[in-house]
Amino acid sequence: MRSPAYTFLRDTDWVYRIHELDRIAVRCALCPRRCGVNRFAGERGFCGAPGGLVISSIFPHHGEEPPLSGTGGSGTVFFTHCTLKCVFCQNYQISHEQEGRPFSSEELAQKLLGLQAKGCHNINLVTATHFLPWVLRALRMAAESGLAIPIVYNCGGYELEETIDLLRDVVDIWLPDMKYGENEPARLYSKAPDYVEVNRAAVRRMFRQAGPLRCDDAGIAHRGLCIRHLVLPNDQSASRDVLAFLKRTFDPQDIFISLMAQYRPLYGADRHALIGTRVDPSEYELIKQEFIAAGFEGFYQEPERLDTAFVIDFKTRKEDPLTGS
Ligand code: SF4
């Protein structure tokens, strides 16, 4: 497999990007909330994140899509706090309840190298946007010390194009959600009434940067875009609008889709009648067949095979087991 693009970045490139992210975080506009708070002064915006890293868990994840988890696992870093904080978040312990502890960038860099030494196929940054100035510092240090596996940017898809541009040739694999095809449920469940426009612009930008998902002979991804769509009950994800956008924007052969049936009414979901239940398997199946009929290949979950394996208890999981369990 060829080396990730970030291993060729000149030091001046790293310095420029970190400088730009620092500048943005002083009146924070790292994400579309544009809170304007000074993160370096410890001020907190919508996400609740302080200045400096807070991380919940770091471990080889064997439950991601097969091109990411492979046999060695995806080296996953779960950052605390979130810019979306959906009411149904399955990771609510870290997004809403702020489970985690402070990390220095140096410490994170060492953990990333540890994941690589364990045989992970990639570094999987889960909701990192609100910590990007400190994440980039860690990546630069890790790259200088020999990190050379692809970087996966695993996010809710609510991203600014300017921020995505600063991650060109740092991120190898974009893994955004397309959570909603309509703005009303995005407003109701994620307080993001502009989600659809922001998300579609972000996905276009990510594709322009990285192109279709490409895998090696063993089926392990090394570059490109993979779009996740979690089907919500009672059509609250407006899945057909997401599908219509994808059909008119991309060649289906260029898009690897991960269509998920694993929704559970966690955290505050039971306060909303339409999402206070599991997805009916027949509702998921109909949407799945429409994606397949449109020519989108990828990873399709089978509802009957799902159990609680996709919900991680971040309070009982050891902070950094690196065991692969
Ligand atoms: S990263 Fe946090 S503080 Fe910064 S704009 Fe987004 S929500 Fe606001």
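1. Let's start with overall size. In this predicted model, the protein chain has a radius of gyration of 18 Å, which agrees with the value near 20 Å that a compact globule of 325 residues would have. Along the principal axes, the C-alpha atoms fill a box of roughly 50 × 45 × 40 Å.

2. On to what the chain is built from: the protein chain holds 10 helices and 10 strands. Of its contacts between residues at least 6 apart in sequence, 72% join residues at least 24 apart.

3. Buried residues account for 58% of the 325 residues. The protein chain exposes about 13,200 Å², and 49% of that area is supplied by carbon and sulfur atoms.

4. Which residues of H1 are buried? They are Trp14, Arg17, Ile18, Glu20, Leu21, Asp22, Ile24 and Ala25, so the list includes the charged residues Arg17, Glu20 and Asp22. As you look along the helix, recall that an α-helix has 3.6 residues a turn, so residues three or four places apart point the same way.

5. And what covers those buried residues of H1? The cover includes helix H5 (132-144) and helix H6 (161-166).

Terms used: Residues numbered from 1 in each chain as written. Predicted model: local features only at pLDDT ≥ 70, side-chain atom pairs only at ≥ 80, totals over all residues. Heavy atoms only, no water. Helix = DSSP H or I, 4+ residues; strand = E, 2+ residues; numbered from the N terminus. Rg over C-alpha atoms; globule rule 2.2 N^0.38 Å. Buried < 20%, exposed > 50% of the residue type's maximum accessible area, 1.4 Å probe, protein only. Contact = heavy atoms within 4.5 Å. Areas by Shrake-Rupley, 256 points an atom, 1.4 Å probe, with all protein chains shown as cover.
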